[in-house]
Each structure stands twice: as structure tokens, then as C-alpha cells.
Amino acid sequence: MNAPHNWRQQAQRYLLEGVQCTACDHRMFPPRRVCTECGLTSMRPNRFCGGGEVYSYSFVYHPPAGHEEFAPYPVALVRLDEGPLVAAQLTDVAHDDVAIGLRVEMVTRRVREDSEDGVIVYGYKFRPAIPPARR
Amino acid sequence: MNPSVAIIGVGQTAVGEHWDRSLRDLAVEALLAAMHDAGSPRVSSLFVGNMLAGELTGQEHLGALIADFAGLPGIEAVRVEAACGSGAAALRLGCMAVGSGAADVVAVVGVEKMTDRPGSEVTASLAMAADGDYEARQGLSFVALNALLMRRYMHEHQVTREQFAPFCITAHRNAVGNDRAMFPFAISADDFSRAKMIADPVSLLDSSPVCDGAAAIILTSVETARAMGRRAVRVRASAIGTDTIALHDRRDILELRGAATSAARAYDQAGVKPADIDFFELHDAFTIMSVLSLEASGFAARGEGVRLGLDGEIGLTGRIPITTMGGLKARGHPVGATGMYQLVEAALQLRGEAGANQVTGATLGMTQNIGGSGATVVTTILEAVA
């Protein structure tokens with residue numbers, strides 16, 4: 001991920017900023033210009049609170065290039081409290097503790113190995129909202 | 001609608017790890033075989049289905065490249081890309097060209113050369129079928145997206161991992177009778193339950209392999225085919241449906257709405273219903289995709305797709321035979337070529353040339369080629385012409 005690509009997604013990856021339709025109040029992440037609910041095109045920024053629960057999960061044993069150092073790592077679809085699903089890695093959690101329904105919260109973490117052009121890519125991951133005692 | 005489009009020639013290379021073969025070489029072999037099978041007609045247009053040539057072989061511009069090396073310089077030639085759905089999407093454009101009268105005889109070839117790059121790079125490239133910024137760059141491999149689907153399916157429908165085994169076992173059994181298949185050997189339920197995990201709960205034996213291959217078809221109008229005196233397989237329907245690119249943007253991830261839309265359009269074009277289909281070449285990139293495809297296409301109710309496997313309905317003599325020549329799992333899944341392999345195999349079934357794997361009395365066959373986690377779905381219905 002090169003510098004401009006990294007830079008223009010700061011609000012999404014550091015702040016979990018999506019949009020809310022001003023016509024029907026539907027909230028979406030990531031941002032888009034056309035409402036998936038009503039089809040209108042009037043949006044305002046909407047920052048999600050970061051809380052949610054695990055909707056589905058997996059453990060990646062064969063990672064794509066750039067993610068090898070973290071493998072095996074847990075990934076999940078997280079149902080945010082405001083409604084949308086987000087695809088992300090889970091962190092700070094024992095694999096045995098990952099389950100559908102687990103309460104999680106967004107944190108900022110390094111999401112991949114340093115790229116050739118030296119950009120360190122940070123982004124969102126999710127950890128248990130009430131961390132297990134063993135952590 | 002493609003009321004009058006016919007397949008008059010098919011060709012395919014063996015699927016496998018072709019260390020000694022280039023992308024252009026594979027494509028040209030399949031294309032020349034299809035042209036020979038069609039009686040060497042004069043081809044006016046070429047559509048090339050391919051997903052990853054730029055990423056994995058450093059070659060774009062496949063339309064001109066393959067036309068050039070196939071000895072067809074000067075013809076109209078373009079590449080079509082719709083991730084793993086590229087092959088059947090290319091055929092769809094070929095049908096539009098013939099059906100509209102824009103072209104007389106059209107060649108379609110699907111080709112993929114995947115094995116030149118290391119596994120982690122191939123894994124990263126395949127993830128480009130998903131949402132690059134919001135799935136792939138979060139570290140979700142393409143296998144992981146299917147694992148999220150399978151895990152949720154098991155949770156909602158109280159199904160175990162072992163219950164997906166018949167899809168793998170059936171594909172491997174059928175591959176034994178296909179001399180083009182990558183894995184022509186049997187797999188047992190024990191093998192399946194012991195297979196190593198790729199992305200839990202998706203194991204190696206839920207997954208189709210990385211490989212190379214090319215398959216090609218020659219299309220013309222039914223009238224031209226008749227005038228040429230060629231035996232033909234008629235394209236009764238060819239329909240593309242789409243869904244959100246990302247899994248997380250779907251209202252219900254287990255619905256596979258793109259498949260439901262594409263299948264409904266195809267049934268409507270052909271004027272048929274699921275019960276009329278004699279066999280179904282579905283997109284078994286992962287066992288969960290087979291299950292969701294059967295449900296979305298009307299062969300099983302929601303949550304009942306695994307039952308078709310457990311009840312023995314998917315074998316060559318079952319109610320709805322699938323993956324009759326090995327499917328993506330055991331014939332192999334050279335991604336951009338896969339849709340064309342499905343179509344070539346379906347045409348061979350309808351010509352009665354499927355050998356040991358012939359579905360007795362098959363007159364109406366369906367294929368479904370899926371791009372991404374269901375974002376592009378191409379459903380094609382073929383009919384034997386008496």
C-alpha cells in the first residue's frame with residue numbers, strides 16, 4: 001500500500017468513519033455516494049462507536065503476501081452496534097475464546113508488514129470488549 | 001436472450017501445473033482444438049476470459065496476443081474480466097455478439113496461468129476478487145471469506161464440517177473418469193475429516209487447487225450451424241447477476257443474491273425451471289459455495305443444500321448430478337478459465353461424449369460460474385439439439 005493510498009483512507013482506518021444518509025438515516029461503512037437503502041445521494045460523515053459483536057470468524061493459516069508474520073491470525077465479520085458489518089482481524093484474544101456473539105471493540109493496530117516503500121500501515125482491528133483475564 | 005446461439009466446437013487443455021507451458025501456449029492449444037472441432041470456420045471475433053494474467057504473468061492485452069499466436073491476426077479481439085467468473089462472462093459477451101448479429105462466428109477462450117508465482121503472491125492476487133481496501137488489505141484471504149460464510153452457515157443451520165464431505169468425495173470420484181482432470185483419484189470421508197485447515201473451518205479438501213489451463217468454444221447462430229452441417233449444442237440462456245463486491249455489505253451473507261438473480265434470469269430466458277435441469281456444473285471453489293449455489297438456484301431450500309449431498313442426490317445418477325467431470329475441486333480451478341471448462345464439459349455431456357461420466361439421457365444442462373464471494377454470477381443453460 002503506497003503513501004497516497006494509505007493517506008486518503010485515514011478517516012476510515014483510524015476513526016472508523018463511514019456515512020449516514022441524510023434522507024433515511026441509514027448508516028454505512030465504508031463511505032459511499034449512493035445510499036444502499038433508499039438510493040439517494042445526500043450523505044454526511046458518520047463515525048462509528050467501534051463496539052460490536054462477532055458475526056462470523058475464521059483463522060488464517062495461509063496468509064496473503066504482506067501478512068505472513070501474523071499467521072495464524074483470527075479474522076471476523078463484526079456486526080457494529082449501529083448496524084453495518086465490517087471485515088477485520090481480531091487481536092489480543094486467545095483463539096479458543098473467539099466465538100460468534102463475542103463482544104468486541106475497535107482498536108488501532110499495525111495491519112500488515114512494512115511495504116517496500118517504507119509505509120507502516122495502521123488500521124482497525126477488534127479485541128474483546130471485556131478482555132479475558134489471561135491476556 | 002440468446003434465442004439462436006449454438007456451440008459448434010469445444011476444446012480444452014489438461015488442467016494442472018504446466019511448468020513447461022506459457023499462458024499463450026495453453027490458450028492457443030484450446031482455441032485451435034475448438035476451431036478444429038467446429039470444422040475450422042472463419043472466426044470474426046475473439047473474447048478472452050482471464051482474471052490474473054497481469055498480476056501473475058506480467059502480460060495484459062490478451063485479446064491481441066492470443067489472436068496473433070492463434071493465427072488470427074486482424075480479427076476483433078478483447079479480454080473480459082470478472083474475477084473467477086471471467087470465463088462464462090466472456091461466453092456471455094460472445095452470445096451477445098452472435099445473438100445481436102454483430103458477429104457471425106465467435107471464438108471464446110478462458111485461460112489462466114497461476115503456477116509461476118509463489119503461493120502467498122497467488123493468495124494475495126486472488127483476494128483482489130474481493131473488496132481490495134476493506135477485505136483484502138485487512139488480511140482476509142479469499143479462502144477466509146469462504147470460511148466466514150461456512151462458519152455462519154454451520155452456526156445458523158446446525159451443520160457440522162463433516163457434512164460437507166459428499167461435495168468433495170463426489171467431485172473426486174467424477175474426476176477419475178476425466179483425462180483432463182488435475183486430481184483423478186478418490187477421496188474418502190476419513191481423508192476429508194483429517195484434512196489440514198487453510199482457514200478454519202475450510203480445509204484443503206474443501207478447496208479447489210491453484211493450477212493452469214485453458215478451454216475454448218466456437219459460437220455461431222443456430223441457422224449458420226445448420227447451414228454448415230455441424231452438430232450443435234444450443235445456448236438456451238446466458239445471464240449475469242451481480243451482488244455487492246464485499247461480503248460485509250450484504251443484507252444476508254448466506255443468500256448469495258447474485259446467484260439467485262442470475263439463475264432466475266436464466267430460467268426465465270430458457271423458459272424452464274430447476275426440475276427440468278438434467279445436470280448442474282456448479283462453482284465448487286469451496287464446498288460452501290456448492291451448497292449456497294444449490295440453494296440460490298432453486299435445487300434446495302435454505303439450509304437444506306447439504307442434504308442433497310448426504311442423501312446421494314448429487315452423483316451421476318442422482319436427482320441433480322453436479323461436478324460431473326470433477327468440478328473445480330478435482331478437475332481444477334484455473335480461475336479465469338473455469339467457466340469455460342464448465343461449459344465445455346456441459347457441451348460434451350449434451351453431445352453424449354462424456355464417456356464413463358455420461359449423465360444418461362441428458363438434454364438440458366446448466367452451468368454456474370461465480371466471481372468473488374458471489375459478486376458476479378454467470379448462469380448458462382445449454383440444450384442438446386436433436
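In this predicted model, helix H3 of chain B, which runs over residues 62-69, has as its buried residues Leu62(B), Gly63(B), Leu65(B), Ile66(B) and Ala67(B). The cover over these buried residues of H3(B) is drawn from several elements of chain B, including helix H1 (23-37) and helix H2 (53-57) as well as strand S2 (45-49), strand S3 (76-80) and strand S4 (106-112). Just after H3(B) the backbone reaches Gly71(B), which takes a positive phi of about 75°.

The C-alpha trace of chain A spans about 45 × 40 × 25 Å along its principal axes. Of its 135 residues, 45% count as buried, while among the contacts in chain A with a separation of 6 or more, residues 24 or more positions apart account for 50%.

One feature of the surface of chain A is a nonpolar patch of about 320 Å², made by Tyr14(A), Leu15(A), Ile120(A) and Tyr122(A). Of these residues, Leu15(A) lies in helix H2 of chain A, which covers residues 10-15. Leu15(A) counts as partly exposed because its relative accessibility is 35%, a value that falls between the limits of 20% for buried and 50% for exposed residues.

The two chains meet in a contact that takes 35 residues from chain A and 30 residues from chain B. Between chain A and chain B an area of about 2,900 Å² is buried, and carbon and sulfur atoms give 56% of this buried area. The polar side of the contact can be described through its pairs: the count between chain A and chain B is 15 residue pairs in polar contact, both residues being at pLDDT 80 or more. Two salt bridges are found across the interface of chain A and chain B, and Arg251(B) forms a salt bridge with Glu37(A), in which the closest N and O atoms are 3.7 Å apart. On the side of chain A that touches chain B, at least two residues each are supplied by H2, strand S4 (51-60), strand S5 (73-80) and strand S6 (85-89) of chain A. The largest share of that side, six residues, comes from S4(A).

Methods:
Residues numbered from 1 in each chain as written. Chains lettered and ligands numbered in written order. Predicted model: local features only at pLDDT ≥ 70, side-chain atom pairs only at ≥ 80, totals over all residues. Heavy atoms only, no water. Patch = residues over 30% accessible without salt bridge, like charges linked within 9 Å, V, L, I, M, F, W, Y side chains within 5 Å. Areas by Shrake-Rupley, 256 points an atom, 1.4 Å probe, with all protein chains shown as cover. Salt bridge = Lys/Arg side-chain N within 4 Å of Asp/Glu carboxyl O. Helix = DSSP H or I, 4+ residues; strand = E, 2+ residues; numbered from the N terminus. Buried < 20%, exposed > 50% of the residue type's maximum accessible area, 1.4 Å probe, protein only. Contact = heavy atoms within 4.5 Å. Buried area = accessible area lost by both parts, 1.4 Å probe. Polar contact = N/O pair within 3.5 Å; in protein donor to acceptor, adjacent residues only side chain to side chain.
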